[in-house]
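Me: I'm new to this structure and would like to learn how to read its sheet and helices. Could you walk me through them?

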Amino acid sequence: MHFIVSSNQLLRRLQMLSGVLSNSNTLPILDHFLFDLTPGEVVISASDLETTMTVKFEVRTEDTGTIAIPAKMLLDILKAFPDIPLTFKVDLEAFAIELISDAGKYKLTGANGDEFPKTPKLIGSSSTTFNGEILANAINKTLFASGNDELRPVMSGVYCELSNEQVTFVTTDAHKLVKHTRTDLNADKTASFIIPKKPLTILKNHVTNDVSLEFNDTNALFSFDNNTIICRLIDGKYPNYDAVIPKENPNKLTIETAILLSSIKRVAIYANKTTHQIRLKIAGSEL
């Protein structure tokens, strides 16, 4: 089995996929990229069992087959290349891979592609489509407030509420809470679920065009361009965030964002390096 591909084109795709890789994989096969070859194209996958991402693009080949290639080794090799055509020759019986280019030949040992975890299928799913820029903006405005406490996994993701009129994104770590509502996004079906951080981090860094979201009770599938991300939803009941947001609060301060931010930056230089606390004192029309 062999295929020819541009080194830069391949590196860009693999760097996107590398966001899925984990440093503490329980299965050695998860330290590999899965290459699934069909005539004219390749589908490359990466997984940590919770999140699986695939990218599909054209390559020069007439062959069919699958091979798992060590992720870190392949990335390190590709980073050392200029943008040149690379020929991959694969021995599917010995799982031996040879990279051939004008800059020399490089050999590495892969693994059986059949050992790679199968991508879960979504049964009984619903779907909707989001504008990519709006979705990325919503993730940027909320993800920073999510928690890292392993004892409270529901707070480690983004809570999404879909309805016919709007989509609401909520994150909290029990100290700060962000509720971001978009009336320019909507869904045909009312639903709510908690999406983990990893797939959302990849989405906000790489999505530009429309994103198709397919979901059921256990998994969510994001599709954009020729890429897919499927992740296991976080199981559990999200805290009642509306209960902690003050209703009919008589105290209201309106201030220009840039002025407030620059003032905080100057004062924060003197803040405690552990707590980073500053005090706000409001008197009449003065802060």
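Reply: Gladly! Two strands count as paired if DSSP finds at least two bridges between them. Keep in mind that this is a predicted model.

Me: How many bridges join strand E12 and E13, and in which sense do they pair, parallel or antiparallel?

Reply: The general idea is that strands of a sheet pair through backbone hydrogen bonds, either parallel or antiparallel. Here, E12 (residues 167-172) and E13 are antiparallel, with 6 bridges between them. You can follow this residue by residue: valine 167 stands opposite arginine 182 in E13, and threonine 168 has threonine 181 of E13 as its bridge partner.

Me: What happens in the hairpin of E12 and E13?

Reply: The hairpin has 4 residues between the strands, and alanine 174 takes a positive phi near 80°.

Me: Which residues are on the covered face of strand E13, and which on the uncovered one?

Reply: In E13 (residues 177-182), Val178, His180 and Arg182 make up the covered face. Leu177, Lys179 and Thr181 belong to the uncovered face.

Me: What is the order of the strands in the open sheet?

Reply: Its 4 strands run in the order E13-E12-E11-E14, with antiparallel pairing. E13 and strand E14 (191-196) are at the edges with a single partner strand each, so one side of each has no neighbour in the sheet. From one strand to the next, the twist averages 20°.

Me: Which strands does H3 touch where it packs on the sheet?

Reply: H3 touches strand E11 (157-162), E12 and E13, and its direction makes about 165° with that of E13. H4 lies across E11 and E14, and runs at about 85° to E14.

Me: At what angle do helix H3 and helix H4 pack?

Reply: To read a helix pair, look at the angle and then at the distance between the axes. H3 (residues 132-142) and H4 (residues 197-206) pack at about 125°, and their axes are 9 Å apart. That angle is why H3 is described as oblique to H4. The crossing of H3 past H4 is left-handed.

Me: Which residues make the contact between H3 and H4?

Reply: H3 contributes Leu135, Ala136, Ile139 and Asn140, while H4 contributes Leu200, Leu203 and Lys204. Sorted by class, the contact of H3 with H4 has 5 nonpolar, 1 polar and 1 charged residues.

Terms used: Residues are numbered from 1 along each chain as its sequence is written. This is a predicted model: local features need pLDDT of at least 70, side-chain atom pairs count only at pLDDT 80 or more; totals for chains, interfaces and linings use all residues. Side-chain values use heavy atoms; hydrogens and water are left out. Buried means under 20% relative accessible area, exposed over 50%, partly exposed in between (1.4 Å probe, protein chains only). Helices (H or I, at least four residues) and strands (E, at least two) are DSSP runs, numbered from the N terminus. Axes are lines fitted to C-alpha atoms, for helices over the stretch in contact, and angles run from 0 to 180 degrees between N-to-C directions. Angles under 35 degrees count as roughly parallel, over 145 as roughly antiparallel, 65 to 115 as roughly perpendicular and the rest as oblique. A crossing is left-handed if the near helix is turned anticlockwise from the far one by less than a right angle, and right-handed if clockwise. Contact means heavy atoms within 4.5 Å. Ala, Val, Leu, Ile, Met, Phe, Trp, Tyr, Cys and Pro count as nonpolar, Asp, Glu, Lys and Arg as charged, and the others, Gly among them, as polar.
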